[in-house]
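Please go through the model below together with its sequence.

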Amino acid sequence: MIMQAEDKKVYTDEEYLEFEVNSEERHEYINGEIALMTGGTPNHNQIALNLSGALNFALKRQPYRVFVTDQRLWIPRKRIYTYPDVMVVQGELQLQEGRRDTITNPLMIAEVLSASTRSYDKDAKFTAYRTIPSFQEYLLIDQYTMHIEQYFKTEQKRWTFTEYDDANELVSLNSLSFQITLADIYDKVEFESGEVST
C-alpha cells in the first residue's frame, strides 16, 4: 500500500537512495517524488509468501532467482524505484550501475492488490513495468476475494490476458515452467466473509 508523502519536494535519484538506505521504512520513488509504503495486511503477506515459497521451491537449482517484498527494482525509462511483492529473475542478476541492492531485469512480477493501490498496480505501474526489456509476465492477485489476473507478453507490444476465480483452477506461467492452483495461492487467507481458504 502506498501513502503519498505530504512534501511535494522533487528529489534526485541519488537523494532518494541516500534517504532510503538510511530509513527504517520503505519508500517508492516516482519521477522525483518519494512515497511511503505502509505495512501490508496478513492476507497480503500470506499470499505473497504462498506464491514466492512455491516458486522458490519449484525453481531450486534452476537459473532463476525469486524475490519477495523487500527487493528494490529500478525502472529507468520511468524513473521509478519500487518494491514488487514477488519477482522472478532469469539468469544473472542485472544491477543498477553503481548499486549492489537494486535490480533491473525481472522476468515475472506479481502484485497483491490492496484497496489503495489497485488502480495504480493495474494501470500506471503495469505501464512502467512494460518498459523493462526482460519483463514478460504480470500477475495481479486480489487479497479480498479469490481472483487473479494474468498478463503475458506474446510479442512486442502485445499481451494476452487470462483471469481465474475458482480454487481448483491452475495458474500456469508462460515465462517459465511453473503451475499453482488458486487454492495454494490463497492457502490460509481469510476473506471478509470469515471464510478461510484451506
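The paragraphs that follow describe a predicted model, starting with its strands.

The sheet considered here is open and has 6 strands, in the order 4-7-9-10-11-12, with mixed pairing. Strand 4 and strand 12 are the edge strands, each pairing on one side only. From one strand to the next the twist averages 15 degrees. In general, the strands of a sheet pair through backbone hydrogen bonds, and the pairing is either parallel or antiparallel.

Strand 10 (residues 137–142) and strand 11 run antiparallel and are joined by 5 bridges. A hairpin connects strand 10 to strand 11 through 5 residues. Within this pairing, Ile141 stands opposite Ile148 in strand 11. Strand 11 also pairs with strand 12 (residues 158–164), again in the antiparallel sense, and here there are 7 bridges. Ile148 stands opposite Tyr164 in strand 12, while the bridge partner of Lys153 in strand 12 is Trp159. The hairpin of strand 11 and strand 12 has 2 residues between the strands, and in it Lys157 takes a positive phi near 65 degrees.

How much of strand 11 is buried? Of its 8 residues, 6 are buried, so strand 11 is largely enclosed by the rest of the structure.

The structure holds 14 aromatic pairs.

The remaining contacts are between charged side chains. Side chains of opposite charge can pair when their charged atoms come close. The count for this model comes to 12 salt bridges.

One of these bridges joins Arg79 to Asp13, with the closest N and O atoms 2.8 Å apart. Arg79 lies in the loop between strand 5 (72–75) and strand 6 (80–82), and Asp13 lies in helix 1 (residues 13–21), so the bridge ties together parts that are 66 residues apart in sequence. Arg79 is partly exposed, with a relative accessible area of 30%, but Asp13 counts as buried at 16% relative accessibility.

Another bridge runs between Asp70 and Arg26, whose closest N and O atoms are 3.0 Å apart. This pair links distant parts of the chain, 44 residues apart: Asp70 is in the loop between strand 4 (64–68) and strand 5, and Arg26 is in the loop between helix 1 and strand 2 (27–30). Is Asp70 buried or exposed? Asp70 is exposed, its relative accessible area being 54%. Arg26, with a relative accessible area of 23%, is partly exposed.

A further bridge returns the reader to strand 11. Lys122 forms a salt bridge with Glu149, and their closest N and O atoms are 3.2 Å apart. Since Lys122 lies in helix 3 (residues 118–122) and Glu149 in strand 11 (residues 148–155), the pair ties together parts that are 27 residues apart in sequence. Lys122 counts as partly exposed at 33% relative accessibility. Glu149 is buried, with a relative accessible area of 10%.

Salt bridges also link residues into a network, the members being Glu28, Glu111, Asp121 and Lys125.

Key:
Residues are numbered from 1 along each chain as its sequence is written. This is a predicted model: local features need pLDDT of at least 70, side-chain atom pairs count only at pLDDT 80 or more; totals for chains, interfaces and linings use all residues. Side-chain values use heavy atoms; hydrogens and water are left out. A salt bridge is a side-chain nitrogen of Lys or Arg within 4 Å of a carboxyl oxygen of Asp or Glu. Helices (H or I, at least four residues) and strands (E, at least two) are DSSP runs, numbered from the N terminus. Buried means under 20% relative accessible area, exposed over 50%, partly exposed in between (1.4 Å probe, protein chains only). Two strands pair if DSSP finds at least two bridges between them. Axes are lines fitted to C-alpha atoms, for helices over the stretch in contact, and angles run from 0 to 180 degrees between N-to-C directions. Rings of Phe, Tyr and Trp (its six-membered ring) pair if their centres lie within 6.5 Å; planes under 30 degrees apart count as stacked, over 60 as edge-to-face and the rest as tilted.
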